[in-house]
Amino acid sequence: QTEALAPGSEAPKGAITLGLDPAIGNREGYVLTVKADRVTLNGQTENGVFYGIQTLRKSIPAETKATSILLPAGSIQDEPRFSYRGMHLDVGRHFFPIEFVKKYIDLLALHNMNTFHWHLTDDQGWRVEIKKYPRLTSEKATQFPPEYGLPADQSGFYTQEELKDLVAYAAARQVRIVPEIDVPGHSWPVLICYPELAVNDQFFPDYVMPFRETYHVWGHQFTPNTLDPTKESVYRFLDDVFTELAAIFPCEYVHFGGDEVNHSLWEKAPHIKAFMEEKGMKSVKEVQSYFVTRVSEIIRSKGKKPVGWNDILSDAKNLPKSAHIMSWIGGSAVKDAAKYGFPTIATPSSHVYFDIR
């Protein structure tokens, strides 16, 4: 029997009782007590109760034929050290169906993780339906070319209805979803669908142009894959994208990427050079900060907190302090981001990238 228990009430014998206790210090904390005749579980909020239930679940063997389970008597007082506990999944480079993503979220919840960081776009594919820009979910933007020899299920995209369903699924498991749209680099699907947002066709190498005109997503990094940071049409595009995204994902954070930008295109383009002179910029790093500032303003206008990879710290003095930094390039990058006064999420590849080589 499982039932709700009001604070101060006596638990009935032979029952697992759940309750809310405002005296518990951490909103995600809980107290789990096992006695000979009852189990009580209290949390400050429903989050804490949920995590206590996960502890109970993990106390039971995953596979057993026993008709009864023996739990050791005792009391557990547990609370998280960090308020942001997350895992990342890159579906831009390798698409996963919704069923897989739900199983992924199930595992996060089982291990008391509260954040799912979802990398939804990259050079290899755009995975989220944006109704104002239907070409982003066309074959060119979401399908690997046949000669890549990859399974068909590695290509695809998610409809907005699927995303809303997944948000609700995650919320029921106390998991928030941080969506990521990676810009201004890693934007190849955008450029092959909306080339007017690119820097300039004449700066694409000869071997790239025929590929872009006839085929699909690009399979390698550091291609001419950057949006043009000087075009107002780019910011209108991003405003539209983040408007639709913010309506789907209630999480306070929206990730805009900002990593591994191929600045060589910007350095070669006369109109970007002229833009830099007009703005008094001496380096393309300042152009990057200009872009980050504009995108951060767009995201904040949707009531969200902007998050970028720590690559954007190359011009830290010109970055808006509203930007949150996700530091992935080693442990020192975490310290650097915090040193500059930015809210920082530690994701050092040296320690937390399961697939790093």
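Here are a few notes on the sheet and the salt bridges of this predicted model.

1. Ground rules first. Local features need pLDDT of at least 70 and side-chain atom pairs count only at pLDDT 80 or more, while totals for chains, interfaces and linings use all residues. Numbering starts from 1 along each chain as its sequence is written, and side-chain values use heavy atoms, with hydrogens and water left out.

2. The sheet is open, with 7 strands in the order β6-β7-β10-β11-β12-β13-β14 and parallel pairing. (Strands are DSSP runs of E, at least two residues, and helices are runs of H or I, at least four, numbered from the N terminus; two strands pair if DSSP finds at least two bridges between them.) β6 (86-90) and β14 (344-346) each have a single partner strand, so one side of each lacks a neighbour in the sheet.

3. Inside that sheet, β11 (residues 253-257) and β12 (residues 305-309) run parallel and are joined by 4 bridges. V254 has P306 as its bridge partner in β12.

4. The whole structure has 13 salt bridges (a side-chain nitrogen of Lys or Arg within 4 Å of a carboxyl oxygen of Asp or Glu). One of them pairs K305 with E252 at 2.9 Å, N to O. K305 sits in β12 and E252 in the loop between α7 (232-248) and β11, 53 residues apart.

5. R93 and D90 also form a salt bridge, at 2.6 Å, and D90, R93 and D122 are linked in a network. D90 is buried at 18% relative accessible area, whereas R93 is partly exposed at 30% (buried is under 20%, exposed over 50%, partly exposed in between; 1.4 Å probe, protein chains only).
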